[in-house]
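Here's a walk through a few spots in a protein model. Have the viewer open and follow along.

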Amino acid sequence: MKMRDHSRTRVLVVDGYNILNALASSPLKQSGALADARDALADRLEDYAGFSGQRIVLVFDAWLSDRKLRTREERGAMTIVFTRKGETADHYIERLCDSYAQEVAYGRMELRVATSDNVEQTVVFGRGATRISARELLYELDSARKTRAGHLAPAKAVKGTLMDRLPEDVRRRLEEMRRGQ
């Protein structure tokens, strides 16, 4: 099993709409509410960022919208980016990978890009990032949620004193010593 170097910065860049399209249970597929689907994905990724200790950049494109400026929202260890009109998430992600290329090349950063767009996967791979599909990301999110739930499970009740935790034979001998027998 390959050990991770935790001294490196870990960054996960997520093509938001690409992941939403792959998410069978997304609010988008169920109700058609785009804003609700984005919020649900952002909440899930923000939780994952906190649990996994990595930085996450979630990118939604505004290719056909009227958004004149690119916007960024910082939410803990996650940044949400909405591109400006005429700018695709793919183009933004490619430029972001370019800006991190030197850190990746020097081994100071682990950069992953989550998208199922085959062309985009090839492009970011050429820029030093590791590519993961939408399905792999969703599996990773589910696994992390299950792991975290296991860590947060109620602990078994622990007896109150040290004496209560000792084996019976040890308690008996200590009691004999206390009484001077």
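This is a predicted model: local features need pLDDT of at least 70, side-chain atom pairs count only at pLDDT 80 or more; totals for chains, interfaces and linings use all residues.

Residues are numbered from 1 along each chain as its sequence is written, and side-chain values use heavy atoms, with hydrogens and water left out.

Start at glutamine 54, in the loop between helix H3 (34–52) and strand E2 (55–60); helices (H or I, at least four residues) and strands (E, at least two) are DSSP runs, numbered from the N terminus. With a relative accessible area of 2%, glutamine 54 is buried (buried is under 20%, exposed over 50%, partly exposed in between, using a 1.4 Å probe and protein chains only). Its side chain makes polar contacts with the side chains of tyrosine 48 (3.3 Å) and arginine 112 (3.4 Å). A polar contact is a pair of N or O atoms within 3.5 Å; within protein, one must be able to donate a hydrogen and the other to accept it, and residues adjacent in sequence count only if both atoms are side-chain atoms.

Next, look at phenylalanine 60 in strand E2 and phenylalanine 82 in strand E4 (residues 78–82), 22 residues apart.

Finally, arginine 95 lies in helix H4 (residues 89–105). Arginine 95 is partly exposed, at 40% relative accessible area.
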